[in-house]
Amino acid sequence: MAVYRKKRHALLAYLFFAPFLVLLLIFRLIPFVNSIRMIFYKWDIFGTPRYIGLGNFTRMMSDKTFWASLWHTVYFVILTVPPIVVLSFLIALLINSRISFKNFLRSAFYLPYTLTISVVCITWAMLYNPYFGMIGRIMKFFGLEPINWLSDPFWAMPAIVATTVWWTIGFCIVLYLAGLQQIPASYYEAAELDGANGFQRMFFITIPLLKRVHVLVLVTQIIASLQIFGQVYIMTAGGPAGRTRTLMQYVYEQGFRYFRMGYAQAMAFVLFLVMFVFAYLQLRLMIASAKEELV
């Protein structure tokens, strides 16, 4: 009887899981396999796919726009990830302290993350406007010449970076807050009795005990920044003169503007491999951190 019930429960579990498995197969696994197959073909949507082997990768190696777009993506990662990680950690420390208006700060920093990307980008594009934008008016008030942020080859990418940091930092603050609240207060009390000051408690207790949160925030932000598309497409469309064109935008242009599906898929596959490496690195670091805690 017990064996029969066990088999019946297992059957019911598989039946509940079956709809998800079917949807995963149809909308995830099959398209993924087809996308991998497509990197070896030349296809313009209207004709029949033609097998060209590694031709798409050979073309990629000599495509200057591809390398420029890849560099712009890496440059964006370099500009966004460090400030997001550092600022979110420091702000989380502030909000987690005994200040009286911490509930307001929690809401204020997380609220931008709930906005859609179009609302964020259009709002910041208006702020950056050199003629009637708030930033330009503040610069005029202090006697400075307004900058055409989104049309200047030097300032366009930093302007997008500032928008991204403002928009996404709230999520990382929540992760750090969750980690901070898991640290037992007895650790800080013992350190305080031993004469440790605030900086010593932060460097020897808070930062080491948040190792897994640091890894999670760092790797997830790198992966998210590698996929940058919406901010660039809405605010600058890759300009000026292609100085903000990222790899995701170049993939979009090749696939949906010039209908070079095979070539676009090959570039997307390269980006997938890069993100897979970072995801694997995160997994290994999280496992290593968990083993250290068990020891």
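Contact here means heavy atoms within 4.5 Å. What you have open is a predicted model, where local features need pLDDT of at least 70, side-chain atom pairs count only at pLDDT 80 or more, and totals for chains, interfaces and linings use all residues. Residues are numbered from 1 along each chain as its sequence is written, and side-chain values use heavy atoms, with hydrogens and water left out.

Start with the whole chain in cartoon. You'll find 13 helices and two strands (DSSP runs numbered from the N terminus: H or I of at least four residues for helices, E of at least two for strands). The radius of gyration is 24 Å, well over the 19 Å that the globule rule gives for 295 residues, so the chain is more spread out than a compact globule. That radius is taken over C-alpha atoms, and the rule is 2.2 Å times the number of residues to the power 0.38. Along the principal axes, the C-alpha atoms fill a box of roughly 85 × 75 × 30 Å.

Now colour by burial, where buried means under 20% relative accessible area, exposed over 50% and partly exposed in between (1.4 Å probe, protein chains only). Of the 295 residues, 35% count as buried.

Next, select residues 211–226, helix α10, and pick out Gln221. Is Gln221 buried or exposed? Buried, with a relative accessible area of 7%. Beyond its neighbours within four places in sequence, show what Gln221 touches: Val81, Ile84, Thr168 and Cys172 are in contact with it.

Last stop: helix α12, residues 247–257, whose buried residues include Leu247, Tyr250 and Glu253. Step past α12 to Phe259, where phi is positive, near 55 degrees.
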